[in-house]
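Hi there,

Here is the structure I promised to pass on. Have a look at it first, and my notes follow below.

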Amino acid sequence: MKKMKLALLAAVMVVALAACGTKDTNVNPTPEPTAAAPATATPEPTATPEPTATPKPTVTPKPTATPIPEFTQTFKDVYGEYGLKAGTCMSEFMSNDARSTEFIKKNFNSITFENELKPDYILDQEASKAAGDLVVKFSPATEKMLKWCQDNNMAVRGHTLIWHSQTPQWIFYDNFDTSGNLVGREVMLARMESYMKQVFELLEQKGYSDMFYAYDVVNEAWLDDGTMRPSNWLTTIGEDYLWQAFYLADKYAPEHIDLYYNDFNEQFKTEALYNFFQTLKDEDGNYLIDGVGFQAHLYTKDDLDLYFTHMDKIATLGLKINLTELDVCLGKYNDIGYATDQNKKIQGQFYYNLISGIMERVQAGSVKMDALTFWGFADELSWRQEYNPMLLDRKWKPKYAYGAALLMKEYAGFDEVTGDATQKPTATPKPTATPKPTATPLPTQAPEVEETIKDVMAEYGMKAGTCMSAYMLYDTKCQEIIKKNFNSITFENELKPDYVFNKEKSIATGELVVEFSEDTIKLLDWCKENGMAVRGHTLVWHSQTPNWIFYENFDESGSMASKEVMLERMESYIRQVFELLEEQGYIDMFYAYDVVNEAWMEDGTMRKWWANWYTTIGEEYLWYAFYYADKYAPEHIDLFYNDYNEHLKGDCLYNFVNTLVDEDGNYLIDGVGFQAHIYTEDDLDQYFSVVEQIGSTGLKVTLTELDVHLGKWEHPLPPTDENFKAQGQFLYNLVSGLVERAQAGKVEMNALTYWGFTDKLSWRKEYNPTLFDTEYRPKYAYYAALLMKEYAGFDEVTE
């Protein structure tokens, strides 16, 4: 009878969840946070705008002005006329999907693996420990993809060797053990060389080397402000790690493989990249690099003339330029366009103008290019599907963008084709470059204060939280600030699924095995020793979850597990997490846990792409996750749903949480986490209205990852005193507004967590979003967090 009730509840939930997709929603989203997302090269989000009140279209109009034909030409044929390969990205998931493989084989002759050649797929920790040297070993998914490309005569673009993301942290530590110390420069240089050497040797030994024509040696090493991105490569080796990477790749890569630097927001980094590439030369003055990858994650309101200006400048160096991850989203970041016929026409025009402009440069010899790669091809499969960026719509029907990509102007969305393109979309001015701060101005009259953030929040019954990573355990200044100001910790990564599953033991036992990593244990011990409460993050997520858990026998070369098997694994996983915390004496520190993270899109639909929980179980996986968490979590731990762009998903989240009830109508959920990655030009009134909407359910609302960025997405602002004042004012108004609503009973809130505290260590450093500057000095935002209005950046305080 119990099972029947559960099945009925799950069915009811599916029906109720369908309502989320039919609500009118405001969709001007900021992209999801990029902490080790599985899709490659996620552009860093910036401004979250004030949502417009435009209802979501219920039906996407079918193009009528220019009928779109069934095309017989293919991209590889058209681009071949210009000497270019036509590429797309591919994942193991797509290699198992007949419709995807059929389309790819017809249209493309170059493949970039989305994840399967990234460091976390090819470095083997256990083998490295045993050998005492870094060991490269292709995963089953990697082998499967390489074999598919070989069987289908596909050229391959290798992606990627050196990257700050999706690189296992253990490779930087003594004995490949993160409980030890970071290794020194000489050891890390030796490991880098061994890594490069093995990759190219392994490709040769396995007979795959001849397929490769290019390889991304380094990915995303520069920030938009012209400074180097913090990473453990930089920490252990120093700034010349970039030169060393290209030197070693040049030493071991076969002559036929071009060596690339690859980056996003390339049009905003031109000066830094232009200068950087000229340093990548050997002792005879010859380039160690062959080309530059422009990821080209663009928007229809971008300025193409400006884009070409930057491309032309890089081209003067004589290096090849490849568009490596092209997609074109509708509108712009703070004003996303709906998938109307008119917006699709504009998208087609943009694609046409971009690609035809590139081909003109190739023919004229001003740009050397031998490949153009789209980051996908169908909106349904895109990592940014909510922005409708691809050539086929969600039903796999050709859009105007498809005709544009074939350089067929008559089908590319132009109302009249007389030779010149119709007027381009209005140009969006280039964001002002964010200079590297040299000295953040201190607030005028800013005092040394004894009061702390945790003291102030305690007056309102709230914990004060921040995020923490294992590397902070070696930074005494970090610990000093954290212990003084905060009493709640969220681990940045160390409780995510990829840190708590043990593959070898799972295979050996035939059951999913949870085992905390050394980093996880170190952080738990530190929190326990320092009296910190812990917010668990996260159990069920589409990202940073190993693919192997979804396969029969935990073997990715086989078939995906059935719904029944995955429900058993989900229950076992959740049960083991809470049992392990209890057994190891940590459970009492936890007061909340994110059961599910980021499951909903801004358009009110469930996230499906890369969401293997959804793929294997179905829509009811969300209900089951909370059912199992409610079953096994101790009573004192609140169970949360956590998401970003929360203020744009209010109606959807409101409907969703009301499906999370048991057979007696009691909530299985205790609260909703608002990540609160927001901007100084956001609309606080709109934000508060969604806080109150969710608060009206009686569930708790917690800001879980708060940071406030200067300006907005398409126009970040530099770190001037005036802009820091605006940041302080915004944060003061946000925190004081939340406190007022909590006191008035409009929302129940027992914690507020900042996603970091110093700009130096922020995951979005270039936007200066936190409370302390890069020198650990308090900004106006710090005093705002203390609710000290007189020091929070207001020129006059009359209240």
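A word on terms to begin with: helices (H or I, at least four residues) and strands (E, at least two) are DSSP runs, numbered from the N terminus. This is a predicted model, in which local features need pLDDT of at least 70 and side-chain atom pairs count only at pLDDT 80 or more, while totals for chains, interfaces and linings use all residues. Residues are numbered from 1 along each chain as its sequence is written, and side-chain values use heavy atoms, with hydrogens and water left out.

**The chain as a whole**

The chain has 26 helices and 22 strands. Of its 799 residues, 64% are buried (under 20% relative accessible area, with exposed over 50% and partly exposed in between; 1.4 Å probe, protein chains only). Among contacts (heavy atoms within 4.5 Å) with a separation of 6 or more, 77% join residues 24 or more positions apart.

**Met-359 and its helix**

Met-359 sits in helix α13, which spans residues 341-364. Its relative accessibility is 2%, so Met-359 counts as buried. Setting aside neighbours within four places in sequence, Met-359 contacts Tyr-79, Tyr-82, Leu-84 and Leu-407. Leu-407 is 48 residues from Met-359 in sequence, and their C-alpha atoms are 9.8 Å apart.

**How α13 packs with α12**

The axes of α13 and helix α12 (residues 304-315) come within 11 Å and cross at roughly 30° (axes are lines fitted to C-alpha atoms over the stretch in contact, with angles from 0 to 180 degrees between N-to-C directions). That crossing angle makes α12 roughly parallel to α13, a label for angles under 35 degrees. From α12, Leu-304, Tyr-307, Phe-308, Met-311 and Asp-312 meet Phe-350, Asn-353, Leu-354, Gly-357, Ile-358 and Arg-361 of α13. Sorted by class, this contact holds seven nonpolar, two polar and two charged residues (Ala, Val, Leu, Ile, Met, Phe, Trp, Tyr, Cys and Pro count as nonpolar, Asp, Glu, Lys and Arg as charged, and the others, Gly among them, as polar).

**A strand residue**

Thr-753 lies in strand β22 (residues 751-754). Is Thr-753 buried or exposed? Thr-753 is buried, because its relative accessible area is 0%. Beyond residues up to four places away in sequence, Thr-753 touches Gly-465, Thr-466, Ser-488, Thr-490, Tyr-591, Leu-703, Thr-704, Glu-705 and Leu-706.

Best wishes

Notes: Angles under 35 degrees count as roughly parallel, over 145 as roughly antiparallel, 65 to 115 as roughly perpendicular and the rest as oblique.
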